[in-house]
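Please read the numbered points alongside the sequence and the model.

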Amino acid sequence: MLAYIIRRVAQSALVLLVVGLVAFAMFRFVGDPIENMLGQERTMEDVERLRENLGLDQPFVVQYYKFLENAVQGNFGLSYRQGRPVADILLERLPATLELAFVSGLLALLGGIALGIFTAIRKRGVTANIIMTASLIGVSLPTFLIGILLIYVFSVELGWLPSFGRGQTVQIGGWSTGFLTQSGLQALVLPAITLGLYQMTLIMRLVRTEMLEVLRMDYIRFARARGIKDRAINFRHALKNTLVPVITITGLQLGSIIAFAIITETVFQWPGVGLLFINAVQFVDIPVMAAYLMMISVMFVSINLIVDMLYFAIDPRLRVDRTAGGH
């Protein structure tokens, strides 16, 4: 087990290095930040001086090494646009994104598993068929279009919910939360549904497929032949074995919620790190872009690592295979 963890951590570190290298290389083709930072009256001396101060006159390898060296210490440099430490800017915006991702992930996980179980158990029922047909909408429509439709119905036509912003927030230490205010909760509803709907439909269809497969297993038939109640078979035996393969896909889907938040935050003007990244791209704010991508990469890799550990702990077949392989 320890050797497996060490190997996975080493692989994760390598992935982060490669992602950082690719992202840092791509930023060289986004544009020149000097063009946006200096006015029309700039001289060549001003350009060269600012380029030297920012370290942009150094070779790519040197810039990348300094970026990694500072990033390990939590220092991502200064924003070209705001002139403030990037780490401080990210910490200000991160609560909004994490709260949105948390609610969306909870909706996707609970809703997806519950609907997946229901449609598998009542696979020939009218309600289950309606749910499966409706789920095609969540899978087929792009996220931004779902958001626009929700805004039109619930904000423009009905006027029930706000169409943009985060609402009123409460500061608790260094964390700003909208969970404690009515306007904050109302503002969270539409973005959370928009962000979580696609993931929920994927999880639902995955759970349904896996559960239908498990329900066809011989040990389920044997349990029914013994006279065990359907409720015990479905929730005690079938569900437990259904969730084992679902964990990996679900973990990755929940991780992608944070990355996909960039679209939802743009549609609803949600003041999170996704909207911050879009603004940074427009201004060629390289330190902010690099820090954002590294942060998303760390979250993805960490979630993937945790999922692998859970999968290893839950499924005894993996432990047997590793032990047999070691001998």
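1. Are phenylalanine 277 and tyrosine 292 buried or exposed? In this predicted model, phenylalanine 277 is buried, and tyrosine 292 is buried as well.

2. Phenylalanine 154 is partly exposed, at a relative accessible area of 26%, whereas tryptophan 160, at 57%, counts as exposed.

3. The rings of phenylalanine 277 and tyrosine 292 have centres 4.6 Å apart and planes at 25°; because planes under 30 degrees apart count as stacked, this pair is stacked. It links distant parts of the chain, with phenylalanine 277 in helix H11 (residues 273-283) and tyrosine 292 in helix H12, 15 residues apart.

4. The second largest pocket holds about 370 Å³ of space. Its lining comprises 19 residues, and those nearest the centre are Gly105, Leu109, Thr250, Gly251 and Leu254. Helix H5 (86-121), helix H10 (230-268) and helix H12 (286-314) each give two or more residues to this lining; H10 gives the most, with eight. By class, the lining has 16 nonpolar residues, three polar and no charged ones.

5. An unreviewed UniProt entry annotates residues 12-30, 100-121, 133-154, 185-207, 243-270 and 290-314 as "transmembrane region". In the model, residues 100-121 are 100% helix, with end C-alpha atoms 31 Å apart. Residues 185-207 are also 100% helix, and their end C-alpha atoms lie 29 Å apart.

Key. Residues are numbered from 1 along each chain as its sequence is written. This is a predicted model: local features need pLDDT of at least 70, side-chain atom pairs count only at pLDDT 80 or more; totals for chains, interfaces and linings use all residues. Side-chain values use heavy atoms; hydrogens and water are left out. On a 1 Å grid over the protein atoms alone, a cavity is a set of points where a 1.4 Å probe fits but cannot get out, and a pocket is an open set with protein on both sides within 12 Å along at least five of seven lines; lining residues have an atom within 4 Å of a point. Grid points are joined across faces, edges and corners, and a volume is the space filled by probe spheres set on the points. Helices (H or I, at least four residues) and strands (E, at least two) are DSSP runs, numbered from the N terminus. Ala, Val, Leu, Ile, Met, Phe, Trp, Tyr, Cys and Pro count as nonpolar, Asp, Glu, Lys and Arg as charged, and the others, Gly among them, as polar. UniProt positions are given in the numbering used here, feature names are shortened, and annotations may be inferred rather than shown by experiment. Buried means under 20% relative accessible area, exposed over 50%, partly exposed in between (1.4 Å probe, protein chains only). Rings of Phe, Tyr and Trp (its six-membered ring) pair if their centres lie within 6.5 Å; planes under 30 degrees apart count as stacked, over 60 as edge-to-face and the rest as tilted.
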